[in-house]
Structure formats: structure tokens, C-alpha cells
Amino acid sequence: MNDEKADESRGGQGELEESLRRHGIELHAEVRRRLARWCELMWAANEQINLTRHTTWEAFVARDLTDVLELSRLLDSGLEVLDIGSGGGVPGLVLAIVRPDLDVTVCDSVGKKARVLESLCKELELPVAVFHDRAENLFDDLGFDCCVARAVGPLWKMLGWLREHWAGARVLYAFKGPRWHDELAEAKSRGLTRFIHVKAVARYPLQSTDPHAPPLESVILRITREGGQ
């Protein structure tokens, strides 16, 4: 790395560390370094293909990283985790960085996004399998301890995807905002909640980049089929 690129890299990591301090988040130095590099690579790719709206260090920490850290507290070491519709790599790739003890797989049905994910994994030397496919197709050959989904669609749509695939998915952790009860009611009206158990296993403030926005709540829902885990 030449001197100019080294200075840029240190500057980016410094901004990340400032945001981490503001939010009271402590991470190992190597994790901080890899997260800073991930942001830089992903934001560069974002200029060519729409991957995220969170393109500042503060937005990354307040929204993306906060979500991933809340999820990580729910997962035991060694689990096989599938990130459904990973997009730019949140939560999947960020989870793989902060929890290297997990076996993370990511998938996206959009070819351009899957190729970006592959490039990011190669650059960061992340042992993450990347599939250009829909999650439903993976469950025919692969099984996971749990799946995670963030910003991929309403609950009724996700439950429809998994309706015939709970044996391979086992558990779904879904990130949702304050209107999740409405989404659950819609899923129930479509007949998709029979034998399904939904529990909010994490609740935390939804960080907004608008200082005048009213306080809202984020939740992580743990969804299983009755008789499963």
C-alpha cells in the first residue's frame, strides 16, 4: 500500500473509531480495521450499483453495525447462518467480521450484487460462501442452523418463501421496525402464520439520522415453525 492510500485507510478507520466511541461500542483492533476496510470497499462499489443508503461512518455504526451486534448476541458459536438477500453484505459479511466463530453463507438473487459480495469476501479474506440464487433453492441441498433477513420484504412475503422450507431454514431472525405487528397481522390474514411461532427477542432504539425524528424501536423477531427449535 502506498503512503497516500495508507493515509486514507488510517483516516477512514479513525472516523469509524470516533463513531464507535460516540455509541459506546468496543471492538477488537483487528475487527475495527476490517470493518473500516469493508466500508471503504462497499461504498466504492455502491457508486456503480445501488447497495446501501448508509454511506457515512455514523450511519454505518448507528444502523448497520448496531443491528449486527444485536443479532450477534443471539447466536451461539459455531452456528451455520444464511443471510437471505444480503445485498451489500449487511448483516452477513459484517456478521462474519465481528463473529468469525460463525459459519456464514450469503445469497442474493441479483447477479451484480452477488459478484460484489464475492469480491468483498476475496478482498477481506472472509471464509464466506456466496450464492447467486434465491434462498428457497438452497434449502433443497443445504441446511442451516438459522437464517437472517434484513430489508428483504414484509413478513408475509418471507413466510411465503419459507413455507415449504423450514426443515432447511430451521430458525429465521428478521429485523423489523415499529410496524412489525401490522406486518404480522397481514401475514395472518393471508393464512401464513398457522403453526408459526413469532417472538421479539431483541428490542433497541431505531437510530435515525434525523435529529428531529420521534423515537422509534427496532426489533429482531425469532420465527420458527411449531415443533422446531
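Colleague: Where does Ser72 lie, and is Ser72 buried or exposed?

Modeller: In this predicted model, Ser72 lies in helix α3, residues 57-72. Buried means under 20% relative accessible area. Ser72 has 11%, so Ser72 is buried.

Colleague: Which residues does Ser72 touch, not counting residues up to four places away in sequence?

Modeller: Leu95 and Arg99. There is also a polar atom of the Ser72 side chain 2.8 Å from the backbone oxygen of Leu69.

Colleague: Now helix α7. Which residues of α7 are buried?

Modeller: First the general idea. An α-helix has 3.6 residues a turn, so residues three or four places apart point the same way. In α7, residues 155-162, the buried residues are Leu155, Met158, Leu159 and Leu162. They cover an arc of only 100 degrees around the axis, which puts them on the same side of α7.

Colleague: What do the buried residues of α7 pack against?

Modeller: Several elements, including β4 (146-149), α8 (166-169), β5 (171-176) and α9 (180-189). Strands β6 (196-205) and β7 (217-225) are also packed against by these residues.

Colleague: How do I read the backbone angles?

Modeller: Most residues other than glycine have a negative phi, and most peptide bonds are trans. Check the exceptions. A cis peptide bond joins Val90 and Pro91, with omega about 10 degrees. Pro91 sits in the loop between β1 (80-84) and α4 (92-98).

Key:
Residues are numbered from 1 along each chain as its sequence is written. This is a predicted model: local features need pLDDT of at least 70, side-chain atom pairs count only at pLDDT 80 or more; totals for chains, interfaces and linings use all residues. Side-chain values use heavy atoms; hydrogens and water are left out. Helices (H or I, at least four residues) and strands (E, at least two) are DSSP runs, numbered from the N terminus. Buried means under 20% relative accessible area, exposed over 50%, partly exposed in between (1.4 Å probe, protein chains only). A polar contact is a pair of N or O atoms within 3.5 Å; within protein, one must be able to donate a hydrogen and the other to accept it, and residues adjacent in sequence count only if both atoms are side-chain atoms. Contact means heavy atoms within 4.5 Å. The arc is that of the directions from the helix axis to the C-beta atoms.
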